[in-house]
Amino acid sequence: HSKPVAFEEGILTLESDCSTWSAQLRLMAEEITAEINGYLGASVVRKLQVRYVPTPIYAAVPVQKGLE
């Protein structure tokens, strides 16, 4: 329900289509940042920014042929 969308000047931006998951990611931001930097072996990510971007229901459901 989330994906990275930008990285600029040490700020990693994630977008999520779920408000609850967005809130959870914000609470975990410090832990996520530490894990990423540990994996990379350097303090590359200074801050994690999370944006809630609701997905319209019609965009999440595939359209069947003939019903377009």
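Visitor: Which residue is the bridge partner of A6 in β2?
Guide: T13 is the bridge partner of A6 there. Keep in mind that this is a predicted model.

Visitor: And what does P4 pair with in β2?
Guide: L14 is the bridge partner of P4.

Visitor: How many bridges join β1 to β2, and which way do the strands run?
Guide: Six bridges join them. The two strands run antiparallel. They form a hairpin, with two residues between them.

Visitor: What about β2 and β3, parallel or antiparallel?
Guide: Parallel, again with six bridges.

Visitor: Buried or exposed?
Guide: E9 counts as exposed, because its relative accessibility is 63%, over the 50% cut-off.

Visitor: What is its phi?
Guide: Phi of E9 is near 50 degrees, a positive value in a residue other than glycine. Most residues other than glycine have a negative phi.

Visitor: New topic. Which residues make up the largest nonpolar core?
Guide: There are eight in all: L12, L14, L25, A29, I32, V45, L48 and V50.

Visitor: Which elements supply at least two residues of this core each?
Guide: β2 (11–16), α2 (29–40) and β3 (47–52) do.

Visitor: What is L12 in contact with, leaving aside neighbours within four places in sequence?
Guide: P4, A6 and F7 are among its contacts. I36 and V45 are in contact with L12 too. K47, L48 and Q49 complete the list.

Visitor: Where is T33 found?
Guide: T33 is in helix α2.

Visitor: Is T33 buried or exposed?
Guide: T33 is buried, because its relative accessible area is 11%, under the 20% cut-off.

Visitor: What does the T33 side chain reach?
Guide: It reaches the backbone oxygen of A29, at 2.8 Å. Leaving aside neighbours within four places in sequence, T33 is in contact with V45 and L48. A29, V45 and L48 belong to the largest nonpolar core.

Visitor: Zoom out. What is the secondary structure of the chain?
Guide: Three helices and three strands. Along the sequence the pattern is β-β-α-α-β-α.

Visitor: How many residues, and what share count as buried?
Guide: The chain has 68 residues, and 21% of them count as buried.

Visitor: What share of contacts between residues at least 6 apart join residues at least 24 apart?
Guide: That share is 56%.

Visitor: Last thing. What is the mean pLDDT of the chain?
Guide: The mean is 88, and 81% of residues reach 70 or more.

Visitor: Where is confidence lowest, and where is it highest?
Guide: Helix α3, residues 57–60, is lowest, at a mean of 55. Helix α2 is highest, at 97. Where pLDDT is low, the predicted coordinates should not be read in detail.

Technical notes: Residues are numbered from 1 along each chain as its sequence is written. This is a predicted model: local features need pLDDT of at least 70, side-chain atom pairs count only at pLDDT 80 or more; totals for chains, interfaces and linings use all residues. Side-chain values use heavy atoms; hydrogens and water are left out. A nonpolar core is a set of buried Ala, Val, Leu, Ile, Met, Phe, Trp, Tyr and Cys residues joined through side-chain atoms within 4.5 Å. Buried means under 20% relative accessible area, exposed over 50%, partly exposed in between (1.4 Å probe, protein chains only). Helices (H or I, at least four residues) and strands (E, at least two) are DSSP runs, numbered from the N terminus. Contact means heavy atoms within 4.5 Å. Two strands pair if DSSP finds at least two bridges between them. A polar contact is a pair of N or O atoms within 3.5 Å; within protein, one must be able to donate a hydrogen and the other to accept it, and residues adjacent in sequence count only if both atoms are side-chain atoms. pLDDT is the predictor's confidence in each residue, from 0 to 100.
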